[in-house]
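I am keeping notes on one structure today. I will look up a few places and write down what I find there.

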Amino acid sequence: MKYLILLLAMSLTVGCSMRDIVSMDGQTKQAFDLNDNDNDGVIMARERCVETVMGASIDNYGCPTVSDINERQELQILFENDSDYINPRYYQQIEQVAKLMKMYPNTLVTIEGHCSRTGSYEHNLALSQARADNVVKVLSDTFGIASVRLTATGFSYDQPIDLSETPEANEANRRVMAEVTGDDTKTDMKWHIYTVDQ
């Protein structure tokens, strides 16, 4: 038995020593491009979107992840009771909507006007429509947004955000909402340690 094991060990040793040896005198040809030309962390062999925006959140193929534009925000524009006048100090909020619309030229906006429960439904319907119309007018006349991209709708007091009917509730319910929608998409951006607020 000892001789059998010794014979087996010798045959394995001789067999291993007879392998062909390949010398590495030249450069090895690379099968795939392992460079990352756009610095997004994805090698060129896998890259499908070569010119990714710096800082964009990407998928495994280097393409930016995008989301449809569908934003709904309340504009903090307070109206006096039974008034549709917009104080110019609120124009900065309206300008934010205008900037978004200029950045994404296929977007549309619907401005919704709302009222408190003070007065008749019909009177508040007309008043809420006038409030929405005035915001649309500021977007068009002051910030240059084409009127075909703007819609105004009054809701009277059908959609209150505070049902208590206190003076504070009435003030909160006299408001406008902006809903921006469109075919445009926006690139999702990722946060990293080099992110700096603009």
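Which residue stands opposite Thr153 in S3? I looked it up in the model, which is predicted, and found Glu112 standing opposite Thr153.

I then checked the two faces of S3, which spans residues 150–154. Leu150, Ala152 and Gly154 make up the covered face. Thr151 and Thr153 make up the uncovered face. Thr153, the residue opposite Glu112, therefore belongs to a face I listed as uncovered, and Ser116 was my next stop, being buried with a relative accessible area of 2%.

Ser116 sits in the loop between S2 and H3. I call Ser116 buried because 2% falls under the 20% cut-off. Leaving aside neighbours within four places in sequence, I found Ser116 in contact with Asn124, Tyr157, Asn170, Asn173 and Arg174.

Last, I turned to the helices. I looked up two values, because two packed helices are described by the angle between their axes and the distance between the axes. For H2 (residues 91–103) and H3 (residues 121–141) the angle is about 65°, and the axes are 10 Å apart. H2 and H3 are therefore roughly perpendicular to each other. The crossing in which H2 passes H3 is right-handed.

Which residues make the contact? From H2 I wrote down Tyr91, Ile94, Val97 and Ala98, and from H3 Val135, Val138 and Leu139. Of the residues in this contact, 7 are nonpolar, with no polar and no charged ones.

Note on methods: Residues numbered from 1 in each chain as written. Predicted model: local features only at pLDDT ≥ 70, side-chain atom pairs only at ≥ 80, totals over all residues. Heavy atoms only, no water. Axes fitted to C-alpha atoms, helices over the stretch in contact; angles between N-to-C directions. Helix = DSSP H or I, 4+ residues; strand = E, 2+ residues; numbered from the N terminus. Parallel < 35°, antiparallel > 145°, perpendicular 65-115°, else oblique. Left-handed = near helix turned anticlockwise from the far one by under 90°. Contact = heavy atoms within 4.5 Å. Nonpolar A, V, L, I, M, F, W, Y, C, P; charged D, E, K, R; others polar. Buried < 20%, exposed > 50% of the residue type's maximum accessible area, 1.4 Å probe, protein only. Pairing = 2+ DSSP bridges.
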